[in-house]
Amino acid sequence: MNTSAVCIPYRFIVDAQCNKNQQSKAVKCDALSYSFDAEHRLTQMIRLKDSSGAQKTLNELLRVIVFSSDENMLKIKCRVYELLVIMSRAAIEGGGNIETVFKFNERFANELADKNDMLSIKKMIHTALEKYISHVLTHAPTNNQGVIQQITEYIGTELPRKISIEEVANHVFLSTAYLGRMIRRELGVTFKEYVNGMRVEQSKVLLKESQMPMWEISKRVGFCDQSYFTKIFKRSEGVSPNKYREKSVHRQVAAAHSSCAHRNA
C-alpha cells in the first residue's frame, strides 16, 4: 500500500491554498502550539479503544486549536487535518487494518476540505474519531498487558503514599472510568483492591525479612493506620500480620534445623 494515501488530497491543498506554488506566509500552517500531552493521551485512548476519554480529549484539543489559531479557518483546517493523521496512525498502532484506515483518512480529509465553519468541522472530526475507534474495536485483538505493566510499576514506586485512580489514569493517558473497567476486566478486582493487594504483598516481605514494628510496616507500604492494615491483611491472608510473622519465623527456624541435620547426617 502506498503510504502517500495519507497525504492531503490535491483538492484539499488547492482549497486551502497550501500548494507550494501558491503559498504565502499568511497561509502557511505554523507549528503545533497546542498541548502535546493531550495529543499523547488521545493517541493512547484510540489504541486502547477508550471512546469516552478520546472524545473528551479531542474536545480539549479543538478548543486550543481555535484559540491558538485566532479563529483563522485556514489554520484551523490545517491543524484539524494533522489531528486526522494522528488519529489514523493511532488506529493502525492499535491493530487496525492499514488500507482501511488510509481510506478513512482520505475520506475525512476530503470532507474537511468542504467545511467552512467550526461547527461542521467539529462534527466531522468527532465522526472520524468514532469511526477509527469502532474499526479498532472490531478488528484489533485486545491486549492490555503493556498498560497493566505500566500501572503496576507506577503504583509500586508510589506505594508509601496515597494513590488515586485519577493520578494513575493520567500517568497512562487514559480516562478514569476506562482504567477502572480495564483493571476489573483484566485482573478481576477494583482499583482499590489492586493497590491494597500490592501493599499486602510488600508488607509480607517486610514481615519476613525485617524486625520493623507493625505501625512502621503499615506506614511504609501506604496504609493510613495500623488497624486498617491489619484488617486488609487478615482479609487477604486469613491471619493477622503478627501471626503471619510468627509462622514465617517458625518456618525459617525449622528450615535451618533441617539443613543442619542434613549436613550432620
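A residue is called buried here when its relative accessible area is under 20%, exposed when that area is over 50%, and partly exposed in between (1.4 Å probe, protein chains only). The structure is a predicted model, in which local features need pLDDT of at least 70 and side-chain atom pairs count only at pLDDT 80 or more, whereas totals for chains, interfaces and linings use all residues. Residues are numbered from 1 along each chain as its sequence is written, and side-chain values use heavy atoms, with hydrogens and water left out.

A nonpolar core is a set of buried Ala, Val, Leu, Ile, Met, Phe, Trp, Tyr and Cys residues joined through side-chain atoms within 4.5 Å. The largest such core has 53 residues, and L42, L83, I125, Y132, I151 and I155 have the most contacts inside it. Helix 4 (residues 73–93) gives this core its largest share, 10 residues; helices (H or I, at least four residues) and strands (E, at least two) are DSSP runs numbered from the N terminus. With neighbours within four places in sequence set aside, I155 is in contact (heavy atoms within 4.5 Å) with I163, V168, F191, Y194, V195 and M198. Another core, of 13 residues, lies apart from the largest one and includes L206, L207, M212 and V239.

Rings of Phe, Tyr and Trp (its six-membered ring) pair if their centres lie within 6.5 Å; planes under 30 degrees apart count as stacked, over 60 as edge-to-face and the rest as tilted. The structure holds 6 aromatic pairs. One of them joins F223 and Y228 edge-to-face, at 5.9 Å centre to centre and 70 degrees between the planes. F223 counts as buried because its relative accessibility is 5%, while Y228, at 24%, counts as partly exposed. F233 and Y244 also pair edge-to-face, with 5.4 Å between centres and 75 degrees between planes. F233 belongs to helix 12 (residues 226–237) and Y244 to helix 13 (residues 241–264), so this pair ties together parts that are 11 residues apart in sequence. Both F233 and Y244 are buried. Together with F229, the residues F223, Y228, F233 and Y244 form one aromatic cluster.

Most residues other than glycine have a negative phi. K49, in the loop between helix 2 (36–47) and helix 3 (51–68), has a positive phi near 65 degrees. K49 is buried, at 13% relative accessible area. F173 has a positive phi near 60 degrees and lies in the loop between helix 8 (165–171) and helix 9 (176–187). F173 is likewise buried, with a relative accessible area of 16%.
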